Amino acid sequence: MTGVMRSRSARRVTGVDRFLTLIRVVMISVIIIGFLAFVAQQIDPDNPFARWRNPGARGLTGDQFKGLLISGLSQGSMYGLIALGYSMVYGVLGFINFAHGEVFMVGAMSGFITSDKLHAAGWWESNFLLSLTVVTLIAIVTSTFTAVITERIAYRPLRNSPRLIPLITSIGVSFFIQNAVMGLLGPATKSYPKLPEWLTTVRSVDLGRVFVWIAGILVVAGLLWYWWRGGSREKDPTADAGELPVSESELPIGEKVGQVAATLGISVPALRWLVSVWIALLLLGFLVPGKVLIFAITGTKITVVTVAAVSMAGLWYLVERTKTGRAMRAVAEDKEIAALMGINVNRIIVVTFAVGGTMAGIGGILWGLLFRSVHHMTGFLPGIKAFTAAVVGGIGNMGGAMAGGLFLGSAESVAPLVLMEPLGIPGVSQLKDAVAFTVLVLVLLFRPAGLFGERLSQEDRA
Amino acid sequence: MTATLAPSGSSVALDWRRALLWGGICALSLVSVSLIGLPVGMNKRILIEPVLSLGYLFLLWIPLVFGYVATTVVVLEGVEARKSGVADLLAGLTAGLMGGIGLTLLMVGLDTVNIRKPLVNWSPQLFRLLTFERGLEFGIPVWLGICAGLGLVGAVLHQLPAVARRVMSWVLFGVMAVAILEAVIDDLAEGFHLEWLTDALYYKKGGTEGLTVTSAVVLALVLAALPVVTGGRVKAAVDHYRDAPSEDRRRTSLVLFGAIAVACVGLPMILGGIVNELLANVGLFLLLALGLNIVVGLAGLLDLGYVAFFAVGGYTTSVLTSSNSPFFAPEWHFGIALLFVVVMAAVAGLLIGAPVIRMRGDYLAIVTLGFGEIVRLLFLSDWLKPYFGGSQGITKVNPVDIGPFKVQGSDPRSVFYLVLFFCALAIYVSWRLQGSRLGRAWMATREDEQVAEAMGINTVNAKLMAFVVGATMAAFSGAVLAAKVGSVFPKSFEILVSIIILVVVIVGGMGNIAGVMVGSLVLIGILGGPRQPGLLQEFQSYKLLIYGALLVFMMLKRPEGLVPSARRSRELHQDEYLQDAWLGDEAETEGDQGAPS
Amino acid sequence: MSLLEIRGLQVTFGGLDALSSLDFHVNDGEIVSVIGPNGAGKTTFFNAISGMVPPTEGEILFDGESVLGLDPNQITEMGIARTFQNVRLFPNMTVVENLMVSQHCRTSQLFVGALFQTKAFKKEEREIRERAEEILAFFGTRLTGYRLDQPAFALSYANRRRLEIARAMATQPRLLLLDEPVAGMNPMETAELTGLIGRLRDEWGFTIVFIEHDMKVVRDVSDRVVVLDHGVPIAEGSYESVSTDPDVIEAYLGRPLESRKDRR
Ligand SMILES: Nc1ncnc2c1ncn2[C@@H]1O[C@H](COP(=O)(O)OP(=O)(O)O)[C@@H](O)[C@H]1O
Ligand SMILES: [Mg+2]
């Protein structure tokens, strides 16, 4: 008994697919046209193509463009710091901790309170660096505490429920924290005390020279590290035996590269990546004409980018090089097996939240330095954008989170003037936030796993 | 939390650590609640004149609950329950007392230091409220006494038989409900010409002033007597209904729904403007919630940008019916505009749905959230200002003209009837779809998308249809909003709306129409919508705090909602279901859910 | 003509060839079993046929039409149904709902019917329910009666396996792919299900391909046996010829290391 068979002719491309292709094509064309219009307007604002959509085209000066890029990158590095928290929690627990933006806000808030008190006591002016350290430490502690407490109260009991349930819970947590902070501290916007002159002055920095310096430091550090590791490896042959990168590559020098990488304690791809970055830095530093790489940057922005880079490096070390980090990766891959291997899963999850909270706390202080203002909703949009950054970079992938943050920050700051204004859209700065979400949609339309690929456990990939 | 299992019978020593832990949390909660500003902010609302205001209520329930919680012992199935005794009372007392100590410290702090700079509620008002305006000497002993007493009461609740506990909570909630619902009851009484009743019940000296002490006591007695009079017949009826074969249950449900429908049509006639306004808001959000219930509850798609469809409905209606639409103002009739609302909602549903439909559930949530924001930002932008009016939006939306009636904001009753019509439609549609081929396809997709596809379901289409149906309901709600307010502007369409509707659906009971109805009645009616005040207008600034807390609480303690659908509660309590079935010797059961592979 | 015809099928997972250059065919009304050691690629083979993993190369013809590039639901609609090795029911739907929803692609009612409760809608609902009950009755009384309205997760393991088969039957296929239908069952249940597989063809007219580790079942019901190892078919034929094939014995019992290297 086989009932009526209604065999439809085979349709390989569904309507939805066609529609998606259409969306892709339209979006890409708009971007390309916008960019072409921008180029046209840069060449000559009176160019008919530029005039076509935007009769008032003026064109951007190089300095304006650099300014946009720099503010985008500094804001992006903050997104990156917050994104790390999303990414790590997603990697380990497989859910979006919607309240992570609030952890960031709590950091910025406590930073404000501390700095305000220090300001009132006169220390902020007299001893800025010490004050800033205290402020940062307190912000980190508060953020970490908030992250850990929310995990304990709201997420731990839901460890084994369907993945949307903790997400919904975290939305509730987010609203709760926002409004509790508003109740406690009032709805007014709070301003950080004035920063010292030397931090806020605009300096002109020759990035070309900076790149060369970084390249030099990399070489020296690498050599020192190689020498030190080489020594210690001889002393203890069993060290890292399990982590030897076994990549007998096709090249005859492959083995040599492998050995170098092993001695440095990194994988071969990472070594290749480092070397290419090094070469790129040198090329940029030497070949690009000096004027192009001279940027006018405020000290705050330099600080923000540097601190973000250092924190990122620290986190990388923690995750890739320490026992705790290894346990974290194991828990991310499979909680049950990790528990069987003697890892205290609860502790590792708490550590994950704590580390995410620390990064958010640092991000909060950087926000305070950069914008000097904070209120109870400060965490909401940066939080969602940071999540966007994490997705753009490939969730679970830490380098990706940082790169995604930088990408998103600069896109958000550059795109309105470069892609949208040339198309004759008025008031483009209002659409800054829309750009961030559009980037998210675009990236997921083209690469559902993010730009740099996801790192998820088997079950989360499904 | 350690649940000590002691030999049964013997009175156990006090578990100090546990009592102190809960006591500490109790103190912390009391202090935080005070500093967040709940007591002062709501002190104006009197529940029982002159002894209890809503503000004090917010402090009083805390030691009571913690006294109860501190003595709750997890009893495992099959393990003999441990006898509770004096130790438990002591634990409750300790927890309460520590709460009192917390408040004492707060009062002393308020008196000695001034840290109002960051903490806005570190104020003389709070001090006066806590000390009953009589200074520390009075405040400290009183609060210590009250908290310890309430903690003790909480602990005693455990010692009482379950029946007594139920009666007590019934009385407590009943009295509070009557006090909180004063405006509604007043209004109703007026409609039925029962003013004498409310005059006796309430203090009434201009505005809502709460019950009098005498009436509260009498009411409590009456409420306590009720269960005795009915003698468990209500519970029996409910049980009967629950156990009835599905045919009977259906009939009863229909009768119930009919009764509710009659009440919905009849009551507004005799209700006053304020309550009708409340009901109209409830209806507006019920309509939204019903739509989201289809998307989230049935199809399992967590759409956080749901507000976009609300906006699309509102703006479409405004553009087509307003005389003031900047770009295109045909000034059509609402009915004709509705046709376009449906079309635009479907288009928006497909436009937003198609890109996200293949994404993982949680990505879908965030991307839809992004879409919701994009839509609002677009309506707000200078770019589209020539079409949609930017931040001022579109004003002068014409009232809806239905023969002799006119639906407009100044006449909330008419708005309510309009909303009622749409809600009835949405309920019918949800109900019919749930039990149809499409509804089953949604359920299967929610359960296991891959398998659903392998079983011949075009999940992409099914999900898109859920999006479109949900979008249409939201758009209708937007249309009514436009007619009601007479204008639309982007501020009405913030992400907050999506979240609040989500809370309504979850608190009510995901996937259950009755649950969604209860959810919107309770939440929107009492707390209010994102921009609409509820019955307790004092909540306005704390509404979102409470929504957030409620969402977390429900997800942790009762994820199936207040009125769960049978399916959903089975799903969330599979173990218990299996256990019951096993005890009832009805189903075969097996511990292992997973097959060896 | 053969109902299912596969030529040069290859499936690759990140460098690993789960299946390579696989040729395969099933004639109408045949019962073919696929055997092979764990990880041989049998489930992947089913996944490729049912459209759940995209093949990297090759051709899959069902009834003369290519199914490559079709979505799983379209393939099911063409008449191929499958079960899963690790039972994957819709656990919170009732037994009868599981079967009703599986007739999705054979039914057509959408909004209008449901909203206005048209005659056609009611008729269709009645029909799919009756068919569901008819299919369930095939498994005796185990899945009928009050069990119809029980959620699927409340069933015993063996009943869940039966329900999986019933669900596949409900899609009204011509070709039924059963992935280890008796795995985890006790000998009595196994014997019973073995009988049912035969009846599935004789009474219901399904063509059947099934994966099985239990050699007794394989011997009792299959017309033809195909052996996979490392994604490659190494033997094919009647149970007797296959069971004595040295390659097959080697595949199951292992072979010296050097010769394995040669093959790869
Ligand atoms: N989705 C997948 N991703 C990566 N590898 C897979 C996937 N599915 C199966 N494999 C691999 O393909 C091989 C064949 O698996 P399978 O078909 O399940 O074998 P079996 O014959 O036991 O059913 C195994 O090595 C398995 O690890
Ligand atoms: Mg298998």
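**Close-up 1. A magnesium ion held by two residues of chain C.** In this predicted model, C:T43 (through OG1) and C:Q85 (through OE1) coordinate the magnesium ion, ligand 2, at 2.0 to 2.2 Å. Donors here are N, O and S atoms within 2.8 Å of the metal (3.2 Å for Na, K and Ca), and water is not among the atoms, so sites may look incomplete. The two residues sit 42 residues apart: C:T43 belongs to helix α1 (residues 42-49) of chain C, while C:Q85 lies in the loop between β6 (80-82) and α3 (95-101). Helices (H or I, at least four residues) and strands (E, at least two) are DSSP runs, numbered from the N terminus.

**Close-up 2. Where chain B meets chain C.** Chain B brings 41 residues to the contact and chain C brings 46, with contact meaning heavy atoms within 4.5 Å. About 4,200 Å² is buried between them, 57% of it from carbon and sulfur atoms; this is the accessible area (1.4 Å probe) lost on putting the two together, summed over both.

**Close-up 3. A salt bridge across the interface.** B:D448 and C:R88 pair up through their side chains, 3.2 Å from N to O. Chains B and C share 2 salt bridges, each a side-chain nitrogen of Lys or Arg within 4 Å of a carboxyl oxygen of Asp or Glu.

**Notes on the views.** Residues are numbered from 1 along each chain as its sequence is written, and chains are lettered from A and ligands numbered from 1 in the order written. Local features need pLDDT of at least 70, side-chain atom pairs count only at pLDDT 80 or more, and totals for chains, interfaces and linings use all residues, while side-chain values use heavy atoms, leaving out hydrogens and water.
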